[in-house]
Amino acid sequence: MADDRLIVALDVPNALQGLNLADRLGDSVSFYKIGLGMLTGGGLALANELKQDHGKRIFLDMKLFDIGATVEAAVRGLAQFDLDFLTVHGDPHVIRAAKQGAAGSSLKILGVTILTSLDRGDLDASLLKAGNVQDLVVERAGKAFEAGADGVIASPQEAGLIRALRESEGRLIVTPGVRPAGADLGDQKRVATPASAIADGADHIVVGRPIWQAANPREACEAILTTLK
């Protein structure tokens with residue numbers, strides 16, 4: 001039985017390449033993330049095929065942000081695909097609308113706190129509230145939980161702080177920005193190893209490039225899983 005704490009990001013250009021990677025990974029992976037970058041490359045069709053034909057769990061990483069009525073309509077449409085996780089921005093009005101759209105389905109709504117590729121300089125450039133990034137992530141996570149989010153997306157460096165919130169009880173923490181020891185950081189600025197992210201309170205870790213760029217993706221995946229045991 002594959003360890004579903006590991007979510008593999010299928011950040012490849014199209015559904016054919018995504019299906020090929022999933023075939024190579026086989027039964028070592030049970031949970032996949034499909035993001036916005038693959039939406040025009042057949043991402044929804046791939047999500048449906050992996051879920052219905054291969055029994056995989058699916059995290060649709062769309063990071064939706066719009067007025068409430070539009071978010072609610074979009075989520076209602078996505079909920080019909082019987083997927084597992086969907087990301088929206090962690091703003092309370094977005095979370096509330098997404099939860100209304102997901103009503104009656106098992107789709108879990110995860111709020112994005114602050115993207116793991118951003119640091120304080122990026123937030124300043126976006127005219128976002130002053131303050132320490134970690135403090136802002138924790139504050140946004142609390143507000144997302146209060147609005148009804150089933151979980152949040154946060155970097156491994158904030159997982160423990162969010163898990164300490166009273167509101168986090170029974171909620172999910174999913175951490176991108178996870179890199180095995182010695183791996184290239186890529187565009188991520190707030191990172192940790194898989195084992196430390198789980199130890200700090202994450203329920204699921206998301207790993208992409210260190211797996212799909214590896215010469216042997218299955219071996220890379222199994223090496224990560226070994227560190228989680």
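**Notebook: helix packing in a predicted model**

I started with α6 and α7, which are oblique to each other, a word I use for angles left over once those under 35 degrees count as roughly parallel, over 145 as roughly antiparallel and 65 to 115 as roughly perpendicular. A reminder to myself: this is a predicted model, where local features need pLDDT of at least 70, side-chain atom pairs count only at pLDDT 80 or more, and totals for chains, interfaces and linings use all residues. Residues are numbered from 1 along each chain as its sequence is written, and side-chain values use heavy atoms, with hydrogens and water left out.

**Entry 1: α6 and α7**

I found helix α6 at residues 133-146 and helix α7 at residues 156-163, packed at about 50° with their axes 10 Å apart. Axes here are lines fitted to C-alpha atoms, for helices over the stretch in contact, and angles run from 0 to 180 degrees between N-to-C directions. α6 passes α7 in a right-handed crossing, meaning the near helix is turned clockwise from the far one by less than a right angle. From α6, the contact takes Gln134, Val137, Val138, Ala141 and Phe145; from α7, Gln157, Glu158, Leu161 and Ile162. Contact means heavy atoms within 4.5 Å. I sorted these residues into six nonpolar, two polar and one charged. Nonpolar covers Ala, Val, Leu, Ile, Met, Phe, Trp, Tyr, Cys and Pro, charged covers Asp, Glu, Lys and Arg, and the others, Gly among them, are polar.

**Entry 2: α1 and its partners**

Next I looked up helix α1 (residues 15-25) against helix α10 (residues 217-228), and read an angle of about 60° with the axes 8 Å apart. That makes α1 oblique to α10. Leu21, Arg24 and Leu25 of α1 meet Pro217, Arg218 and Cys221 of α10. That contact has four nonpolar, no polar and two charged residues.

I then turned to helix α2 (residues 43-52), whose axis comes within 9 Å of that of α1 and crosses at roughly 25°. α1 and α2 are therefore roughly parallel to each other. On the α1 side I noted Ala15, Gly18, Leu19 and Ala22, and on the α2 side Leu46, Glu49 and Leu50.

**Entry 3: the whole chain**

I counted 10 helices and eight strands, taken as DSSP runs (H or I, at least four residues, for helices; E, at least two, for strands) numbered from the N terminus. Buried residues, those under 20% relative accessible area with a 1.4 Å probe and protein chains only, make up 48% of the 229 residues.

Notes. Buried < 20%, exposed > 50% of the residue type's maximum accessible area, 1.4 Å probe, protein only.
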